[in-house]
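User: I would like to learn how to read helix geometry and packing in a model. Could we work through an example together?

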Amino acid sequence: MDVSFLGGPGPQRGVGVVAPFDFALDRELWRWAPDDVSLHVTRTPYVPVEVSLDLARMISEHETLQNAVGTLTEVTPEVVAYACTSGSFVGGVMGEHAMCEAMSRAGSVPAITTSGALLEALVELDVRRLALVTPYTVSVTRALEEYVAQAGVTVTGCAYMGLTRQIWKVAYREVVDMARRAAVRGRLGAADALFLSCTNLPTYDVIPQLEAELRIPVISANQVTMWAALRRLGTRAVGPYQALIDTSARTGTGSGTGSALPGPAAGTVVQAAGPVVPTAGPVVPTGSVLPEGQEPPDVRGVHGVSDAQGVPGAQGVSGAPDEKQQEGWT
């Protein structure tokens, strides 16, 4: 059979991706990639440390990132992305800038990080008040809050899961449940957007569903990483009904006032893994202040999240025990 008429595969543009050693969602990144873009993924070396601030610092050392970028030079990517949220916010805004510079020097191409892409997305959507969902312990979550605060963004509410490993096993149902809780209007007002943190947290299918329900833009770690990387190439990520990527899904953004978004067009079916279920048990309004001496209701109760570890206490986290808490709100 003569196949010469096919002419071979079409030209591809390359995005280099440096991921942590435990990154398990390669296929999710690919879902945002258009057909003419290939992802070239490499990983940082394994270290026997669970997800924590210590791990974030270890996997984001400049030498580690430069060595990883060096493994991608032969395939000549046009941009390099460090796909790790905690690893790129652990050093603050200045630390994130220094990571980009180190990677860019190593590969002689533009470089971005997930946390840098987050701030870029917040500017794009004019977000001044942000709700957070993280799979992290409270200490790592606090570091993320401090990072966005350095950029002038107020965190209106936050829900965290307290996980230190196997975050990729979190089900969509749990992501949706935590998002609803984080987005509850508190004393700081309504959030302008919701951020689902961690590149190991699956999010692609729940983004349009949550945007339709919460009526605010919902952005995720993998989404902003791919959006920013592809932006450097002058092309767009693939994400129907995702406000960051699909501008037709935006209404009234740019006001910094929690503007509502439209749902998908009539007759459109938004795919998501598993049904959305009502939140079980009491919900502590995020950002609220309880009367003096009153304890919040028990906020533990996320079921089906594998390998949850103890969450250390932190000053200012109301109702968070020193150890044993699986999930919390701040």
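Analyst: Just after α10, G234 adopts a positive phi of about 75°. This is a predicted model, in which local features need pLDDT of at least 70, side-chain atom pairs count only at pLDDT 80 or more, and totals for chains, interfaces and linings use all residues. Residues are numbered from 1 along each chain as its sequence is written, and side-chain values use heavy atoms, with hydrogens and water left out.

User: What span does helix α10 reach from its first C-alpha to its last?

Analyst: Helices are DSSP runs of H or I with at least four residues, numbered from the N terminus, and the expected span is 1.5 Å times one less than the number of residues. Helix α10 (residues 221–232), with twelve residues, reaches 17 Å, close to the 16 Å expected.

User: How many of the residues of α10 are buried?

Analyst: Buried means under 20% relative accessible area, with a 1.4 Å probe and protein chains only; ten of the twelve residues in α10 qualify, including W227 and L230.

User: How do α6 and α7 cross?

Analyst: Two packed helices are described by the angle between their axes and the distance between the axes. The axes, lines fitted to C-alpha atoms over the stretch in contact, come within 11 Å for α6 (residues 114–124) and α7 (residues 138–150) and cross at roughly 45°.

Note on methods:
Helices (H or I, at least four residues) and strands (E, at least two) are DSSP runs, numbered from the N terminus. Buried means under 20% relative accessible area, exposed over 50%, partly exposed in between (1.4 Å probe, protein chains only). Axes are lines fitted to C-alpha atoms, for helices over the stretch in contact, and angles run from 0 to 180 degrees between N-to-C directions.
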